[in-house]
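We will walk through it stop by stop, selecting as we go.

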Amino acid sequence: MEAFIAAAEAAAEAAGAVIRPLFRSPLLVEAKGDASPVTEADRGAERAMREVLGARFPGHGIWGEEYGPDRVEAEYLWVLDPIDGTRAFVTGRPLFGTLIGLLHRGVPVLGLIDQPGIGERWIGARGQQTRFRSPLGGTPGCRPCARLAEAELSCTSPDMFEEKDRPGFERLRGAARRVTWGGDCYSYGLLALGLVDIVAECTMKPWDWAALVPVVEGAGGRVTGWRGEALTLESDGRVLAVGDPALLPEAIGLLGG
């Protein structure tokens, strides 16, 4: 595992070296099929990560948001999102992140959340306590919060919910203490620091959630689908993360109606 962690950190450093010089600089932004912005930073960062990981583990598979899958049937599969929160990146907001996940036979065993704009990094490894480095302070560990009425809920955007999913989220939102919008992967990092209690989102691809699972669960939380099921490469994109596992039954009940 330490060799995998070292490789993930090296890949994050390589990605950051591409991303940071381009932040808040003039960029050519294109529209992908899903209308999300793509920049030379996304592509360059993913190429840099693929080069690092491919050199260290040539037998592993890699699946990145920008360049797609390569040997996804391999025993170990790296899942990469070079810039999670590209909209934040292209509008000068520093809360975008780089996500590096490692799956072993489909199960997330390693996750790294890197915030190259503010110098924060979470590392989660299966069976280990989540590690965290930051110039801003903070201690990894989810906080006790067994009731939704006392819970801080976070979500990237209300626009991510399809019509069929909106009623469930609105029930959850109504039961929570309050909701905070924005953050992308950063919200899951804050959950792992005990500052957020629950995150519920939709339309999440494997590169959006693979790195988050070990980080949150290594801090004492849980990450599942909206029915409480384990996430897999075939999951439907609905993701639920809680800091206190006691929140799961109530949250699942509200999301499912």
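One definition to carry along: Ala, Val, Leu, Ile, Met, Phe, Trp, Tyr, Cys and Pro count as nonpolar, Asp, Glu, Lys and Arg as charged, and the others, Gly among them, as polar. Please also keep in mind that this is a predicted model.

**Stop 1: the largest pocket**

Select Ser36, Gly85, Arg87, Thr156 and Asp184. Of the 34 residues that line the largest pocket, these lie nearest its centre. The space here comes to about 850 Å³. Now colour strand S5 (76-84), helix H3 (86-90) and helix H6 (206-209): these are the elements that give two or more residues to the lining. Colour the lining by class and you will find 14 charged, 12 nonpolar and 8 polar residues. Then colour by domain: domain 1 (1-133) and domain 2 (148-256) each contribute at least three residues to this lining.

**Stop 2: the second largest pocket**

Next, select Val107, Pro108, Arg126, Val213 and Glu217. They lie nearest the centre of the second largest pocket, which has 16 lining residues and about 250 Å³ of space. Where does this pocket lie relative to domain 1 and domain 2? Both domains give residues to its lining, so the pocket lies between them.

Strand S7 (107-115), helix H7 (212-218) and strand S13 each supply at least two lining residues. By class, the lining here has 8 nonpolar, 5 polar and 3 charged residues.

**Stop 3: the five-stranded sheet**

S13 leads us on to the next stop. Select the open sheet of 5 strands, and trace the order S11-S10-S12-S14-S13, where the pairing is mixed. Which strands stand at the edges? They are S11 (178-181) and S13 (222-224); each has a single partner strand, so one side of each is left without a neighbour in the sheet. Look along the sheet to see the twist, which averages 20° from one strand to the next.

Zoom in on S13 and its neighbour S14 (residues 239-242), which pair in the antiparallel sense over 3 bridges. For one of the bridges, select Thr224 and its partner in S14, Leu240.

**Stop 4: the helix across the sheet**

H8 lies across S12 (198-201), S13 and S14.

Technical notes:
Residues are numbered from 1 along each chain as its sequence is written. This is a predicted model: local features need pLDDT of at least 70, side-chain atom pairs count only at pLDDT 80 or more; totals for chains, interfaces and linings use all residues. Side-chain values use heavy atoms; hydrogens and water are left out. Two strands pair if DSSP finds at least two bridges between them. Helices (H or I, at least four residues) and strands (E, at least two) are DSSP runs, numbered from the N terminus. Axes are lines fitted to C-alpha atoms, for helices over the stretch in contact, and angles run from 0 to 180 degrees between N-to-C directions. Contact means heavy atoms within 4.5 Å. On a 1 Å grid over the protein atoms alone, a cavity is a set of points where a 1.4 Å probe fits but cannot get out, and a pocket is an open set with protein on both sides within 12 Å along at least five of seven lines; lining residues have an atom within 4 Å of a point. Grid points are joined across faces, edges and corners, and a volume is the space filled by probe spheres set on the points. Domain bounds come from an automatic or database domain assignment.
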